[in-house]
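Q: Could you take me through this structure? Please begin with the overall pattern of secondary structure.

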Amino acid sequence: MFDKIKAKTFPILAVFILAINALILAKVAYNKSESLLKITLSERELALPSYAPKENSGLNLRFNYRVLTSDIDTYMSFAPRRYPDWLDKEKMESLGFTMETEATENDTNNKGVTKERIIALEFNGESYQQMLARVQEWHAELSTEYEAGKERYPTQESIDRRLNKEKFQASRLFAIDAAVELEELQSKYAGKPNIIFAKALISTRGYGYKTNNDVKRFGYIQNLSIETINVPNPFNVTLKNLPQTEYNAVNHPRYLVDLEIGKGLEPFVTDVVILEPE
Amino acid sequence: MDSKLRAQHRCDQIEAFNEELNALEQEGIFELSASSKEVINAHHTQLIDSLSQTFDIDATKTDKQLSRGMRIASFLGALAFAASIFFLFYQYWGLLGTVFQTVVLVASPLISLSITAYLYKKEKSGYFAKIGALITVACFVLNLSMMGVIYNLESSPNAFLLWSVLALGLAYKTQSRLMLAFAILFFASFLSARTGTWFGYYWLSFGEKPENFFAPAISIFCMGFINQKHYENFAPTYRIFGIILLLLPILSLSHWSGGSYFDAPRDIIEGTYQVLGFVLASAFMWIGIRNRWNDSVNTGCVFFTIFLYTKFFDWWWDWFPKYLFFLVIALSSLLILLIFKRLRTGINSAKKGEGYV
């Protein structure tokens, strides 16, 4: 029998390749069969890659989301994206994690468990308004000190820039909740058209960056399961012609992206519009 | 004669026979009669011609050297082809519509598979078919990974299993140990990732837990016990990769307890794995000696030495001056050499007693 199979190896492998591709395309069709959400995001939430190799003609936009934080600085650092205050011990346990409150002898960075869960991302909602208000408060406080003649760092220019970045450049997409099942979040946020559901990796850590230090082991959002979105032709050609932005400037968004989230929580781009420069 | 390996072995036997016969004649120990020589030479010439035609073997030492060169050239050529295909696709894929991208991705492994089938049929030596096989696997890897990028699909460990199936099929069809190596590595990655998910971890973290590799490593090593007709040279590949996939994780765990599933004090985890490393390396050497598998003996020996030298480093690097440390390493190497020499003498004596030599 093995000899018979061996004689027909090439046709069998050809059928195998075709079958696998058929399954993949069936999955894509299933995802696109029903749209869970249609939403328009801007360059603030779907950023161009910071480095685009010349020999790669494709383009993927990166999901840019944040979490609400009290930790405000002149730079929008990466860390606050990961450590939301709502991801506390109780929440982590509801997500199926075992959380010890006391560190053990073997409590290290490497003992973290990672699980895939569903998170809710709120676009241009209450979380963004709260964040904007916090930055405005921070700006007002520091400006008052500066006006009083206090020599201080950061400079007025840098805190003005930070406020403007919050108004015009920073992502308005905030991670606000997580659950094991999609249905739980769908029923909780039913009727809200600005909530995107996405699969994400949630992990535990023994120690590290955290503003709230009353637990020895805490959870954090490692990353989305789908962090980048492919932009199909011809939209990618338009976006690829846009120049890189300057890091220290306040960069207004230059494009809008129409996004659909399919039944399998896989997003896809349906349109891209270039905005007039402000 | 039912396999290339046996045919090559027979040819090597004939060459060794002729060389030994010449040596005996020159030393005046023994000389065949002219008529016997003629009969034997005629038979050997006919046999070698027949084997060369059927199996494309290396009839002489020069042929062997050239074959080795051809194997290296075909390997490098195949790798270069595969890289070229990747970069070609990356250069132009963004300029194609989604439908056309999909068609290109699905067609490329099918086209390269067809070319491989044609080369397999037409070219006896199999070098070009093996190049075709590697390109087919490269195209299939590109196929699945780029479909994931284009359609924003979540990554999955099942891709490793699918690549492994294709590589394994091509390995057995084209008798390619390189394809078999890829199949083994893909399979090990798949099974390790799945093992991680069974323990509640996300699959992409499988590399952070070296113990995930134990089950695939043992199963791959056990494949090396199976005598496969026509594929005698595959068993060493299974055994070597099985040993590497088992002992490398153990080596890392013997110095990094953080990667272990076990919740025990660091010293206990690392100490246990250090001991286990020595025991298993010795066990593989013993199995190799018992079954006359040079691959197991050599691979086990390499790891035994690595474990030993890492222990020496732990104990003495900070204590000894450097010259003394390296002197100790050198002396221990001599000791290992003497032990192996003694072992070999013992084995040869046993073989003489059993009438093998």
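A: In this predicted model, chain B reads α-α-α-α-α-α-α-α-α-α-α-α along the sequence. Helices are DSSP runs of H or I with at least four residues, strands are runs of E with at least two, and both are numbered from the N terminus.

Q: How many helices and strands does chain B have?
A: Chain B has 12 helices and 0 strands.

Q: And what are the spans of chain B along its principal axes?
A: The C-alpha trace spans about 80 × 60 × 35 Å.

Q: What share of chain B counts as buried?
A: Of its 357 residues, 43% are buried, meaning under 20% relative accessible area with a 1.4 Å probe and protein chains only.

Q: Changing topic, how do the two chains pack through H2(A) and H4(B)?
A: Helix H2 (residues 9-33) of chain A and helix H4 (residues 98-122) of chain B pack at about 175°, with axes 10 Å apart. The axes are lines fitted to C-alpha atoms over the stretch in contact, and angles run from 0 to 180 degrees between N-to-C directions.

Q: Parallel or antiparallel, then?
A: H2(A) is roughly antiparallel to H4(B), a term for angles over 145 degrees.

Q: Which residues meet there?
A: Among them, Phe10(A), Leu13(A) and Ile17(A) in H2(A) meet residues of H4(B) including Val106(B), Leu110(B) and Tyr120(B). Contact means heavy atoms within 4.5 Å.

Technical notes. Residues numbered from 1 in each chain as written. Chains lettered and ligands numbered in written order. Predicted model: local features only at pLDDT ≥ 70, side-chain atom pairs only at ≥ 80, totals over all residues. Heavy atoms only, no water. Buried < 20%, exposed > 50% of the residue type's maximum accessible area, 1.4 Å probe, protein only. Parallel < 35°, antiparallel > 145°, perpendicular 65-115°, else oblique.
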